[in-house]
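Welcome! Please have a look at the picture, and then read on.

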Amino acid sequence: MSLTLKDFELAKKRLEGIVHKTELCPSTTFSNMAGGEVWLKCENRQKTGSFKIRGAANKIGAVVASSAGNHAQGVAYAAHSHGIPATIVMPKAAPIAKVQATEGYGAKVVLHGDCYDEAYARAMEICEQEGATFLHPFDDYEVMAGQGT
């Protein structure tokens, strides 16, 4: 499977009313370095502080995810926006601000493991136990299409 322009167009429609339309900002520094015009997409101004809300909201269903931060917040916000419960498994060392923000967006946070791989494994167990859908932070075409908007 590969992503097409149509995938991004459909994702853009699904995201209307959920994400902010973030502006493009010219970068003199990078333009000079590249020898051409460089524009930056300021996704740090997005509702959850990163572009991850785009992929999460494009794929949302009853979900479980694993993340140390940005994807967790994106999934939590997208699930809350759709009235869907979300469980996010985060490594025990995840920044407390990211954990609190994820909970603040309405997700149940499970702290498990010393690294992302251990959190991921626990998330997969929860999916199997609860029959939920795993929302992968990057290896999923719908998530990619949403993030690509």
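Valine 64 stands opposite phenylalanine 134 in β6. Valine 64 itself belongs to strand β3. Strands here are DSSP runs of E with at least two residues, helices are runs of H or I with at least four residues, and both are numbered from the N terminus. Is valine 64 buried or exposed? Valine 64 counts as buried because its relative accessible area is 1%; buried means under 20%, exposed means over 50%, and partly exposed lies in between, with a 1.4 Å probe and protein chains only. The C-alpha atoms of valine 64 and leucine 135 are 6.1 Å apart, although 71 residues separate the two along the chain.

A word on the origin of these values: this is a predicted model, in which local features need pLDDT of at least 70, side-chain atom pairs count only at pLDDT 80 or more, and totals for chains, interfaces and linings use all residues. Residues are numbered from 1 along each chain as its sequence is written, and side-chain values use heavy atoms, with hydrogens and water left out.

## The whole protein

Now step back to see the overall layout. The protein has 7 helices and 6 strands, and along the sequence they follow the pattern α-β-α-β-α-β-α-β-α-β-α-β-α. Its C-alpha trace spans about 50 × 35 × 30 Å along the principal axes. Of the 149 residues, 41% count as buried.

## The sheet

In which order do the strands of the open sheet stand? The order of its 4 strands is β5-β4-β3-β6, with parallel pairing. β5 and β6 (133–134) stand at the edges with a single partner strand each, so one side of each has no neighbour in the sheet. Two strands pair if DSSP finds at least two bridges between them. Strand β3 (residues 63–66) pairs with β6 in the parallel sense over 2 bridges.

Strand β4 (residues 86–90) and strand β5 (residues 108–111) also run parallel, joined by 4 bridges. Between β4 and β5 the chain passes through helix α5 (residues 96–104), making a right-handed β-α-β crossover. Right-handed means that, with the strands pointing away from the viewer, the path from the first strand over the helix to the second runs clockwise. Threonine 87 stands opposite lysine 108 in β5.

## Two partly exposed residues

Tryptophan 39 lies in strand β2 (residues 39–41). Tryptophan 39 is partly exposed because its relative accessible area is 45%. Its C-alpha atom is separated by 8.8 Å from that of threonine 28, 11 residues apart along the chain.

Cysteine 115 sits in the loop between β5 and α6 (116–130). With a relative accessibility of 33%, cysteine 115 counts as partly exposed. The C-alpha atoms of cysteine 115 and asparagine 58 are 27 Å apart, with the two 57 residues apart along the chain.

## The largest pocket

Which residues line the largest pocket? They are Lys12, Leu15, Glu16, Val19, His20, Lys21, Thr22, Lys41, Arg54 and Thr149. A pocket is an open set of points on a 1 Å grid over the protein atoms alone, where a 1.4 Å probe fits, with protein on both sides within 12 Å along at least five of seven lines; lining residues have an atom within 4 Å of a point.
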